[in-house]
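Work through the exercises below with the structure open. Each task is followed by a solution in steps.

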Amino acid sequence: MVVTRPQKTTPVFFNWIAAMMIPDNPDRFSSKTSPVEPSPDPASREAVSETSEATVQGQAEQEQDRYFMGLALEEAHSAGCLDEVPIGAVLVLNGQVLARGHNQTRWRRDPCAHAELRAIQRATQATGDLRLPGAVVYTTVEPCFMCAGALVHARVERVVWGVRDKKFGGCVSLGHVLDHPDANHQVKYTEGVRADEAADLLRTFFKSKREAARKKRSQDRS
Ligand SMILES: [Zn+2]
């Protein structure tokens with residue numbers, strides 16, 4: 001997901017995770033993609049047929065989103081194993097994974113080494129192209145302003161993410177970089193895909209960080 005996270009951000013992230021987990025927040029993981037409505041005119045066979053096709057297409061897209069988000073979750077898990085905030089991304093073009101990336105800000109000492117940017121950079125290196133039209137990026141956390149801007153610059157078609165980032169998210173939480181009406185390119189997005197799994201990774205990571213910090217304080221006192 002993803003953002004410039006200084007070393008001492010644990011309290012911020014716990015607030016962030018807590019905000020995400022508020023059960024009575026109706027739009028917590030709401031998706032901008034509208035469900036397909038049944039035809040209001042059942043007498044119209046053509047309308048029903050078109051609706052059925054759209055429904056099947058919608059279900060296929062949902063299954064595809066869940067599959068590719070699983071790969072992004074694997075990337076996030078890899079980041080966590082390397083002591084990075086567990087956020088992962090994959091970039092898909094023509095139904096194939098073109099590039100993967102996970103958060104590497106701590107290891108690289110680089111606030112720009114976010115999962116989405118890593119995936120975009122690898123994809124453009126692979127294609128030799130500045131733009132990535134038709135690409136879909138799956139990321140476990142809502143992209144920040146920096147990554148959302150890069151996704152627009154790359155002319156990505158759609159972004160799918162798991163959980164919102166209430167502190168840094170630049171797509172719906174704090175801004176609307178992806179679909180600003182005045183921009184020369186708008187990126188479609190879907191949110192809430194396998195959100196619980198993305199949140200679990202973050203929760204486990206920061207819990208271990210908090211326990212390690214508590215243990216160190218205890219050792220320092222003794
Ligand atoms: Zn980012």
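Two residues are in contact if their C-beta atoms, placed from the backbone, lie within 7 Å. The model used here is predicted.

**Exercise 1.** State which elements the buried residues of α5 pack against.

Solution.
1. Find the buried residues of α5: they are C147, A148, A150 and L151.
2. Look at their placement around the helix axis. They lie on the same side of α5, because they cover an arc of only 160 degrees.
3. List the partners. The buried residues of α5 pack against α4 (115-127), β3 and β4.

**Exercise 2.** Describe how β4 pairs with β3 and with β5.

Solution.
1. Begin with strand β3, residues 136-141: β3 and β4 are parallel and are paired over five bridges.
2. Find a residue pair between them: Y138 is opposite V160 of β4.
3. Follow the chain from β3 to β4. The path passes through helix α5, residues 145-153, and this β-α-β crossover is right-handed.
4. Turn to strand β5, residues 188-191: β4 and β5 also run parallel, joined by four bridges.
5. Find V160 again: in β5, T190 stands opposite V160.

**Exercise 3.** Is strand β4 mostly covered or mostly uncovered?

Solution.
1. Take the residues of β4, which are 158-163.
2. Apply the cut-off: a residue is buried if 20 or more other C-beta atoms lie within 10 Å of its own.
3. Five of the six residues of β4 are buried, and the strand is mostly covered.

**Exercise 4.** Which residue just after α5 takes a positive phi?

Solution.
1. Go to the stretch just after α5 and read the phi angles there: R155 has a positive phi of about 60 degrees.

Terms used
Residues numbered from 1 in each chain as written. Predicted model: local features only at pLDDT ≥ 70, side-chain atom pairs only at ≥ 80, totals over all residues. Buried ≥ 20, exposed ≤ 12 C-beta atoms within 10 Å, placed from the backbone. Helix = DSSP H or I, 4+ residues; strand = E, 2+ residues; numbered from the N terminus. Pairing = 2+ DSSP bridges. Right-handed = clockwise from strand over helix to strand, strands pointing away. Arc of directions from axis to C-beta.
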